Amino acid sequence: MKNSSAPPRIHVLAKPTGAACNLACQYCFFLDKELLYPGSRFRMSDEILETYIRQLVEAHGTPQVTVAWQGGEPTLMGVDFYRRAIELQKRYARPGMTFENTMQTNGTLLDDEWCEFLKENDFLVGISIDGPRELHDTYRVDKGGKPTFDRVMKGLRLLQKHEVEYNVLVAVNRTNADRPLEVYEFLRDEAGTSWMQFIPVVERIDEDGRRLYQQGTSVSERSVLPEQFGAFLGATFDEWVRNDVGKIFVQTFEASLRNWMGLPSSGMCVFEETCGLGLALEHNGDLYSCDHFVEPEYLLGNIQDTKIGELVAGEKQRDFGRDKRDALPRACRECDVLFACHGECPKNRFLTTPDGRPGLNYLCAGFKAFFHHVDHPMKIMASLMRAGRPAEEVMAALAGEEEAALEGAFAKTGRNDPCPCGSGSKFKHCHGQKGSDRGGKHRRTSAHRTGP
Ligand code: SF4
Ligand code: SF4
């Protein structure tokens, strides 16, 4: 039976191979987690699997249950493990209950058999690609240090061939963050992706240079810089909001729009007021507060001893979730974009505020710039949606505004001044020429694409 004080819907990231992976991406914080379980084979047993599925069903008050598989690399378990998981879901389902299985994978072990299984069972697959070859291969390498781009793209093409539903996760790091349009256009035009997630790489390291636990105030040289991340989001947003609304879905933009609309949930835990409903299950049944806090202090218990529903509803986890809001420094509480940011993820809150208080988010400068940058188009989209009209109409609205602004600028420009369209030519040789088609000629210049 469901625990009466348990929340209605929870999200558990199950890691059936623990941190074990066939690759060795340089920024991966999971790999260090192998140290938490010395000597382990990192394979979830059938007994733990059954306990997990049974308890997950019991813990849900809603008829929809998400079963999320992650790692390490979850495909290392082999397809049969997931066949058993599907059988168990059918066995323990209450009448009317439906399951959505999701899997985050590096894609390198996918083959036809995998993809047939994933399609047959309606999995939503997240595949990690950091951009075109050169950018992807910067950090996403195998254990021998060899590039992985070709193997990942082969996996992506197989997902596409079998029409498996998928999205692409980009780890935004110090290198690819400087080339936002290359990343976005590659995913959209060459990889053929319509759903993207941009996850900032923030590798926090302690005084001894270790990154096992969330400690220390420094970051690795692979970590994205705050302003760089804001500029990356801003530049991709500009491209998206002018051309791709309604066709391409970027998780951060969708979540932001929901917050601008004042909806009860953004759909992204990092932009929620509180958290605590996204837990992590290790291969041996240990349940942790969150995937980013798989460390002894945040171990809630083992599901063989205490049920998931009880662990989630327990004081320790509730405090963890509420702390996201209650521990916000004053700088955040008084921030004009708090409604959209909510101080982002507690794992990144290791800076001090200008008035010397702890708990400011490392990415603050980037998020603040990004949220200010998108405020105007977000407001347009939010009012369109509230009026029951499609958000895509924002593209025409912005184009009209830009055209009017350019016409205003043309009227004030001297013949020998630089053309306001950003072409770099003199006005008299550009939009100032007699008979020039001012409206359309240079509307999409790089000047319109700058980030925050
Ligand atoms: S700690 Fe961060 S990643 Fe974990 S649930 Fe909270 S906001 Fe999400
Ligand atoms: S933008 Fe910065 S100050 Fe504002 S809520 Fe986010 S982390 Fe806090």
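Two strands are taken to pair if DSSP finds at least two bridges between them; helices (H or I, at least four residues) and strands (E, at least two) are DSSP runs, numbered from the N terminus. By this criterion, five bridges join E5 to E6, and the two strands run parallel. The structure is a predicted model, in which local features need pLDDT of at least 70 and side-chain atom pairs count only at pLDDT 80 or more, while totals for chains, interfaces and linings use all residues. Residues are numbered from 1 along each chain as its sequence is written, and chains are lettered from A and ligands numbered from 1 in the order in which they are written.

The sheet is open and is formed by ten strands in the order E9-E6-E5-E4-E3-E2-E1-E10-E11-E12, with mixed pairing. Strand E9 (249-250) and strand E12 (299-302) stand at its edges; each has a single partner strand, so one side of each is left without a neighbour in the sheet. Strand E6 spans residues 195-200, with Met196, Phe198 and Pro200 on a covered face and Trp195, Gln197 and Ile199 on an uncovered one. In a regular strand the side chains alternate between the two faces of the sheet.

Strand E10 is joined to E1 by four bridges, the two strands running parallel, and His11 stands opposite Gly278 in E10. Two bridges join E10 to strand E11 (residues 286-288), here in an antiparallel arrangement, and Ala280 stands opposite Tyr288 in E11. E10 and E11 form a hairpin with four residues between them, and Gly285 in the turn has a positive phi of about 95°.

Helix H1 (residues 46-59) comprises 14 residues and reaches 20 Å from its first C-alpha to its last, close to the 20 Å expected at 1.5 Å a residue; the expected span is 1.5 Å times one less than the number of residues. H1 lies across E1, E2 and E10, running at about 145° to E2. Such angles run from 0 to 180 degrees between N-to-C directions, the axes being lines fitted to C-alpha atoms, for helices over the stretch in contact. A residue is buried if 20 or more other C-beta atoms lie within 10 Å of its own, exposed if 12 or fewer, and partly exposed in between, with C-beta atoms placed from the backbone. The buried residues of H1 are Ile48, Leu49, Tyr52, Ile53, Gln55, Leu56, Val57 and Ala59. Their cover includes strand E1 (11-14), strand E2 (64-69), helix H2 (79-92), strand E10 (278-281) and helix H9 (308-313), where contact requires C-beta atoms, placed from the backbone, to lie within 7 Å.

A cis peptide bond, with omega about 10°, joins Gly71 and Gly72, and Gly72 lies in the loop between E2 and H2. Gly78 also has its place in the loop between E2 and H2 and is exposed, with 12 other C-beta atoms within 10 Å. Gly78 and Trp114 are 8.6 Å apart in space, C-alpha to C-alpha, and 36 residues apart in sequence. Asp122, in the loop between helix H3 (112-120) and strand E4 (124-128), is a residue other than glycine with a positive phi, near 55°. Asp122 is exposed, with 12 other C-beta atoms within 10 Å. Glu163, likewise not a glycine, has a positive phi of about 55° and lies in the loop between helix H5 (149-161) and strand E5 (165-172). Glu163 is exposed, with 10 other C-beta atoms within 10 Å.

For the ligand shells, a residue is near a molecule if its C-beta atom, placed from the backbone, lies within 6 Å of it. The residues around ligand 1 are Cys269, Val270, Cys275, Gly278, Cys290, His292, Lys324, Cys345, Pro346 and Lys347. By class, six are nonpolar, two polar and two charged; Ala, Val, Leu, Ile, Met, Phe, Trp, Tyr, Cys and Pro count as nonpolar, Asp, Glu, Lys and Arg as charged, and the others, Gly among them, as polar. Around ligand 2, the residues are Ala331, Cys332, Cys335, Val337, Leu338, Cys341, Gly343, Glu344, Asn361, Cys364, Phe367 and Lys368. Eight residues of this shell are nonpolar, two polar and two charged. Helix H11 (330-333), helix H12 (338-341) and helix H13 (364-386) each supply at least two residues of the shell around ligand 2, and H13 gives the most, with three.

Terms used. Contact = placed C-beta atoms within 7 Å.
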